[in-house]
Every structure is written in C-alpha cells, then in structure tokens.
Amino acid sequence: MIYTLISIIDIAFFTNFILEHLNYNIIVSSILIVLSVMLYFIELLKSDAVLKLNTSIYFWISIGVLFFNIGMIPICVIAELINYNGVFDIIILSLNIIMAGCFITGFIVSKKEYNV
C-alpha cells in the first residue's frame, strides 16, 4: 500500500512517466523489498529452518532478490550522473545474471520436503 501511494503521488505530481524514468519508484520499491527480505531472514533465524537453509528454494530466491535490489538502489540514485546506455546496461545485466544464478542454484539444490 505504501508503494502504491508513493507511485501515484510521484506519477500524478512530479514525474512525466512517458518521457522520464521512474527512478524514485524503483528506489522505494527496492528499499521495501530489501526490508521484506531482511524481515524474512530475521524470522528464519528465529526458527529451526536455519538448519536446512541451503536446501530451501525460498532462501535462494530471497538471496537472489536481495542481491539484485541492493545493487539497484545505488544505481538508481546515481542514474542521472551516468550514461544509461553503457555502464547502466552492463550493471543491470550483471545483477540479473547474479539473481538468475541464485534462482538456478535454488532449483538445483532444493529438496521438495523442505519447501513447504
């Protein structure tokens, strides 16, 4: 709900979403996703599931999403200073490869009985 409210306010009053990138929306969504994943990890550390961590698909997906969004926050903050076509594309590609690698690792090593 917070993200929806911020997005509506940003699009309605501050940003022309047809001509400009929605950097503030990306930053807010990345921060909210990082906070959600951190809350998941805190709950995970409080439970006995921490013993079977590397065989859980949820762990690998959350690691991939965390790495991607932690990398996106500084890129979107300095996006106006760098060229969108060069460095930005390489960094986004690298972050996507890291996230996909975490997803693939999770699908390979996860065990069905631990993913409930």
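1. Welcome to this structure: the protein chain has 4 helices and 0 strands, where helices (H or I, at least four residues) and strands (E, at least two) are DSSP runs numbered from the N terminus. Read from the N terminus on, the order of elements is α-α-α-α.

2. A word on the source: this is a predicted model, in which local features need pLDDT of at least 70 and side-chain atom pairs count only at pLDDT 80 or more, while totals for chains, interfaces and linings use all residues. Residues are numbered from 1 along each chain as its sequence is written, and side-chain values use heavy atoms, with hydrogens and water left out.

3. Of the 116 residues in the protein chain, 31% are buried; buried means under 20% relative accessible area, exposed over 50%, and partly exposed in between (1.4 Å probe, protein chains only). The protein chain exposes about 8,000 Å², with carbon and sulfur atoms supplying 74% of that area.

4. Now to contacts, meaning heavy atoms within 4.5 Å. Among those in the protein chain between residues at least 6 apart in sequence, 69% join residues at least 24 apart.

5. Have a look at Asn 25 in helix 2 (residues 23-46). Asn 25 has a relative accessible area of 3%, so it is buried. Not counting residues up to four places away in sequence, Asn 25 touches Tyr 3, Ile 6, Ser 7, Asp 10 and Ile 11.

6. Ser 62 belongs to helix 3 (residues 57-77) and is buried, because its relative accessible area is 8%. Leaving aside neighbours within four places in sequence, Ser 62 is in contact with Val 37, Tyr 40 and Phe 41.

7. The structure holds 3 aromatic pairs. Rings of Phe, Tyr and Trp (its six-membered ring) pair if their centres lie within 6.5 Å; planes under 30 degrees apart count as stacked, over 60 as edge-to-face and the rest as tilted. Tyr 40 and Phe 41 make a tilted pair, 5.7 Å centre to centre with 45° between the planes. Phe 59 and Trp 60 have ring centres 5.5 Å apart and planes at 75°, so their pair is edge-to-face. Ring pairs link these four residues, Tyr 40, Phe 41, Phe 59 and Trp 60, into a cluster. Phe 41 is buried at 15% relative accessible area, whereas Tyr 40, at 30%, counts as partly exposed.

8. Finally, the surface: Phe 13, in helix 1 (residues 2-14), counts as exposed because its relative accessibility is 65%.

Terms used. Areas by Shrake-Rupley, 256 points an atom, 1.4 Å probe, with all protein chains shown as cover.
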